[in-house]
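I opened my notebook for another look at a structure. Here are my entries, in the order in which I made them.

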Amino acid sequence: MLDIRQARLTLGGRDLWSGLDLAVAPGEFVAVLGANGSGQTSLLRAILGQLPLDSGEILLGGRPVRHGDREIGYIPQQRILPAGTALRGRDLVALGLDGHRWGIPWPSRAARDRVDEIIESIGATSYADLPIGVLSGGEQQRLRVGQALASNPSLLLCDEPLSSLDLQHQRGVAELIDTRLHDSGTAVVFVTHDINPVLDMVDTVLYLAGGRFTAGPPEEVLRTEVLSELYGTPVDVIHSGDRVFVAGVPEFSHHEGDAA
Amino acid sequence: MSPDFWGSIFDFSDYGQLLGLVRNSIIAGAVLGIVGGLVGVFVMQRDMAFAVHGISELSFAGAAAALLFGANVVAGSLVGSLLAATIIGVLGSRARDRNSIIGVLMPFGLGLGILFLALYPGRSGNRFGLLTGQILSVDVPQLGTLIGICLVVLVVLLVIWRPLVFDSIDPDVAIARGVPTRTLSIVFMIVLGLMVAVSVQIIGALLVLALLVTPAAAALRVSSSPVVVPLLAMLFGFVSAVGGILLAIGGSLPISPYVTTISFLIYLGCRIAGRIRGRTLRRRVVPAGVAA
């Protein structure tokens, strides 16, 4: 469904990644891991059609990706909306449905029913009518998931959606995404620094490091030999119970956020 | 206090006659209050109060230049404010860049304006009108222009409403959804520039914030509904502008202090009401979850 072929992206004369091949099937959960500056966010922006590749191509449903495709849902990094925001929970979700359309939103029964349905599916009914600014980070992020799913996307891109959430909410938001994937066959590309909250949901890990990458099932990629080889320096992959940690990852000098 | 003091602030003798004379000013004030309140909602959501102030100083410079060179003051004011709005819109897409650009532009504009006024040989009443308001001295054709500009602003705002809300709340997601955020920002800056130019004519460059920020800020204190907030902001803007003119026409003072005082009192009232609302909201929210 999502097909990345021989993709290469440079930033400031340096390869973020090159020769990147990845095929994502419907209902597949791909976690994108890597150190800071390894081009994870840039990968999402390339899939969103915002960042042109230097070579190669990215296809969605057989067609090259384009800017503003309604088939793609996007959940950004958590950014708390402040108290003085003129929006209730349900309005945030509704923006995912029709926020791109011109004009003022006319109340319609169909739109309201659809928003209610989404809100119920993300378990946000109890606080959907409260001002967005008084909701907790976890509640806001659940609503963002609802917003991203409102247009029934076939691909969901998530950029660190769990960062700055507490453990309970991390689990809750991750499960929402996983449920969606199983119920509707939506594919998920999930950029994260910490794979543990989603480890049992992930089908494929794409690990980016220093311009190179490796992809495969988590148990094949998250191994000391594989990652040491990828980084070109010894790193340790430590399994502790059902959690996994990567230690000794070298720092890269560039931060993609600066140029992105 | 001597009766003279109060007489200069409030004087309602011959009120009916005066009312007839300033009918057009009242209409202009009403339109400005309503549309200004609406624009203010986006000024607040996009955190652009400082930009409003910066644009108004350049608008003042433009108007002062027009006064000096005998050109149309409204046109001069428009040129100044559109220039400032475009510069801020193009160079200041990030909040931090924006604030430094405004900080640089603002004193420059104010300085230019003062220079032009100092060189202007005409009546001094016109001079300070640009800084502190002069609606009663704006003639009928110009009032027509001001109302026309407000209506253009209103129509443009209604057309870009939803994507502009999206962009104001969450620009990253809005871009991903195909909202032309860059174009929208520029269009909004132009709308803001137009609105500021109109406000400078009516309430004065120094006091523009009282109509473009205070009503919306007050509305946001008492509601978070995307429907109620704009409606309240329009109402507050209307009451401040029209109330200010109605109270001012009898006395000998400019309208601005009346407008700013009314809009400030409304804000104060909304803050108090907002505190009470805040308490009830928090009580409802507590069991729902822990802040992350």
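I started with burial in chain A: buried residues make up 44% of its 260 residues. I call a residue buried if 20 or more other C-beta atoms, placed from the backbone, lie within 10 Å of its own. A reminder to myself: this is a predicted model, where local features need pLDDT of at least 70, side-chain atom pairs count only at pLDDT 80 or more, and totals for chains, interfaces and linings use all residues. Residues are numbered from 1 along each chain as its sequence is written, and chains are lettered from A in the order in which they are written.

Next I looked up the fold of chain A and found eight helices and 12 strands, taken as DSSP runs (H or I, at least four residues, for helices; E, at least two, for strands) numbered from the N terminus. Its C-alpha trace spans about 55 × 40 × 35 Å along the principal axes.

Then I turned to where the chains meet. I found 33 residues of chain B in contact with 37 residues of chain A, contact being C-beta atoms, placed from the backbone, within 7 Å. On the chain B side, the elements giving two or more residues are α3 (23-45), α8 (140-169), α9 (171-176) and α14 (256-285). Of these, α8(B) gives the most, with eight residues.

My last entry is on V52(B). Which residues does V52(B) contact, leaving aside its neighbours within four places in sequence? I noted V43(B), L192(B), V196(B), V208(B), L209(B), L212(B) and V213(B).

Note on methods
Contact = placed C-beta atoms within 7 Å. Buried ≥ 20, exposed ≤ 12 C-beta atoms within 10 Å, placed from the backbone.
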